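Subject: Structure handover

Hello,

I am passing on the structure for your files. Please look through it first; my notes follow below.

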Amino acid sequence: MTMARFLLRRLALFILALVAVSVLVFAALRILPGDVASVMAGLNAPPERVTALRQRLGLDRSYPRQYLDWANGLMHGDLGRSLLTDRPVAAQVGERAQVTFPLILCGLAIALVLGIPLGCASALARSPRMQAFSHMAAIVGGAVPALWSGLLFIMLFSKGAGLIGLLPSQGFPVQGWDQPGQALQSLLLPALSTGIIVGAGIMRYTRSLLGDMLSSGYVDMGMACGMTRTQAALRIGLRVASPQLVSVVGLTMAEMITGVMVSENLFALPGLGSMLIADVGNRDLLAVQSELLLLAAFFLLLGLLVDIVHRLIDPRLRDGTRREVAA
Amino acid sequence: MRPDEPGVHAPGSATEAGRGHDRPGPRAGADDRPGPSTDPTLNEAYRPMSSRGNSLPWKLLSLTLALALVVSLWTGHRGGQTDRTQGGLAGSISIGLKLPPGNLDIRNQSGTALDQLLIGNVYEGLVARDSDNKVIPGLAKDWEVSADGLEYTFHLNRGMRFSNGHPLDAADVVWSLRELMDRHYQGSEMLRNYRSIDQVGATTVRLRLTRPYQHLLWELSGRAGLVFDHRASYDMKTQAQGSGPYLVETFRPNDSVILKADPHYWGPRKAKTGTIRIRYLADDNAAVNALRSGDVQVLAPITANLAGPFRSDPSFHVQAGDDTDKFVLAMNGKGGATSDIRVRQAIRYAIDHKQLIASRGGADKALGGPIPPLDPGYEDLTGLFPHDPGRARRLLAQAGYGPGRPLRLRLTYANTYGAELGDQLRSQLKAVGIDLDIRMVEFSVWLQDVHANKDYDLSLVDHGESHDFYQWATPTYYYNYDSAKVRQLYDQAMDTVSRERSRDLLAKAARQVSEDAAADWLFNYRITTAWHQGLEGFPVNLNQSLLPLADLTYRKA
């Protein structure tokens, strides 16, 4: 009952936010100088051709009209067609998302596999060596720009250019995921180069969350029941900290959508980043505004998902009250 | 009721938690390691003898690394060349280019990326051009020009067909040219003095002009002369159906194109390689990595500075080709300070072209005027404005600028050309007392501010087109350059039927433009191409606007 109410309220907010985003995106893009007709017409075009193109592309309509036409399409599930390529924006985004989302997921998986155990180890560490190592790892990992780590990986592991030629350093197979082995290979280095950086962040969060837990009484309680400190921290502390960790992972994932653009560029991957840059550069505004709206919807959905997961894993929130927290 | 619900649940969850606590109890008791105390103060003082208690994270870490290594080794082994070879020749070749086309609509979309990809490969023109920029037969096997230069009669090849099976005949040629002119497609503005085109026989067409036009044939070798199938209907932005040796199999905007040889190609330039993958590599370093790792067999262009290691590597071949790209530093003829010829001349004297070229790797050529060596009317004009900072300063002083009144100019250019060029110009002009305020913008912004609104002092663009001198004879063009003498010379050069006389007139006009310091031509950009040994038939000249791939082959060493 409360869950349904919660979902309904969040859904209403979600739609409201999307409408606001659509207006913002539409208006912001109209401030940009330049238009797709002059880009298409090029350097030697007589002004008449630019005018004719503008007319054909519907750029001579008033802004409110353009917005309404776009919104009308959106309501029917039609994101519109790119003015430049004449392909449906949805298909265009789908094609590019096949590169970006696996990349984000691989990067995130690497980040979690590295970050959470190391974070726990770091919080629980007592040997000065382990502490020093984990501090170093967090600082170095967090300070390295993705561009640099990417170049390092290319120099170390790329086929042809690297010390140990293992993996392709750039590009995505033209056949895409029809060749899963090659597709995965081409994502490994970029995923690693972003994964270790994001992992360092997650490691720091895990360490400080678990550190708080260690002094919070939950762990003492566990130890009073006969657990070792490590067991109490991992079984109780980590569980209590998990909602916050989920928020952090959700936020991290949202950040990675823009974060992986650097890696996409360095490794010449045809992902969402290069598509957005090209479309903005060409002033293919219809495509850009739909793409940005999709991304915004994705961010909002991610937030919604994080909230739902919170409720599922945290019994204190499940029934809509937080009164036991104080107790 | 609702307020009670949490109350009902709360004890339940508390007992759950309690049970959770209970469970590990016995196991913890069974653990024979010396456990830490339950007293936090004792815990603080406790230091284990070894880090054995924390070995779990280390194990996890090493396991992860080992797993990563195994995965990468496994996937690394599974990769590799998938090219099937036929008689030693590779069945497919990958080539790396730089500027990607956003769509395939060659009639509406500007930019040389489409010329490069489609002309001669997928679409064919009435006539074609060779690697020296000279007109050669295309769909027309020969032609006659009337003595007054007003009538061109083209005789077409027989048995021509489009890739969809439709025959290609005089009707298609006539339809294509009429559509071009009626609908103002790209290239129509280049057909000066066009009057009509008519079908004379099944394989003969006649093009009439109102006045002679010296560059007509050359223009017909570009977009203006392309012949499309008048019976076909397809989405030109995503597909291309022509009569050339290749079909477009896959097109991914701004990313890649796959060309497949047309098995039913009609003509003499049958494709020698079955599949050609074209990848557009925007990032120079990624492009070089692709070449080195063999992901692409040829890369054009390769930045001259990054080509060094390939030159000394015997498994690669590196060569710079001639091209018509002119890096034009335009000076607004109606701008505040730049309307003064002394200022413009001072800028030209202040620029050290040798230094610019050397810093880019040395492949480019100095160019003193608007016509590059591959175009008719070329003359070496580099002597007109030698590097002479003293003279530049004197000219500026005459124009009223000096230490008391420094000259500040704004240089607007597209960010695709990189920051280096602008920085070099700033330091060179600084030496003669000109402050350059550099504004790097997106190409679309440049198009609006500079090209359309002419709101600029200095602008920098690579004008890649060939035969584009008309820009200097068009006062409305963004240069804001208007010289009656140049216009007259250009018109005469186009009107004459004598090629030699036309060339002389163009040379005269070009010298005038250069003397007027309407712009500075920083250099003639020469494309450097690098390829793996064993690759043959890749054009080196003009390959950013004309890239016939039919003869391309690759034999792996």
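This is a predicted model: local features need pLDDT of at least 70, side-chain atom pairs count only at pLDDT 80 or more; totals for chains, interfaces and linings use all residues.

Helices here are DSSP runs of H or I with at least four residues, numbered from the N terminus.

H10(A)

Helix H10 of chain A covers residues 229-266. At 1.5 Å a residue, a straight helix of 38 residues would span 56 Å, but the end C-alpha atoms of H10 of chain A are only 44 Å apart. The helix has a kink of about 50° at A:Ser242, shortly before the proline A:Pro243.

H11(A) and H12(A)

Helix H11 (residues 272-281) and helix H12 (residues 285-313), both of chain A, have axes that come within 8 Å and cross at roughly 145°. The crossing of H11(A) with H12(A) is left-handed. On the H11(A) side the contact is made by A:Leu276, A:Asp279 and A:Val280, and on the H12(A) side by A:Ala287, A:Val288 and A:Glu291. Four of these contact residues are nonpolar, two are charged and none is polar.

Confidence

Chain A has a mean pLDDT of 85, with 96% of its residues at 70 or more.

Regards

Terms used:
Residues are numbered from 1 along each chain as its sequence is written. Chains are lettered from A and ligands numbered from 1 in the order in which they are written. Axes are lines fitted to C-alpha atoms, for helices over the stretch in contact, and angles run from 0 to 180 degrees between N-to-C directions. Helices (H or I, at least four residues) and strands (E, at least two) are DSSP runs, numbered from the N terminus. A crossing is left-handed if the near helix is turned anticlockwise from the far one by less than a right angle, and right-handed if clockwise. Two residues are in contact if their C-beta atoms, placed from the backbone, lie within 7 Å. Ala, Val, Leu, Ile, Met, Phe, Trp, Tyr, Cys and Pro count as nonpolar, Asp, Glu, Lys and Arg as charged, and the others, Gly among them, as polar. pLDDT is the predictor's confidence in each residue, from 0 to 100. The expected span of a helix is 1.5 Å times one less than its number of residues. The bend at a residue is the angle between axes fitted to the seven residues ending there and the seven starting there.
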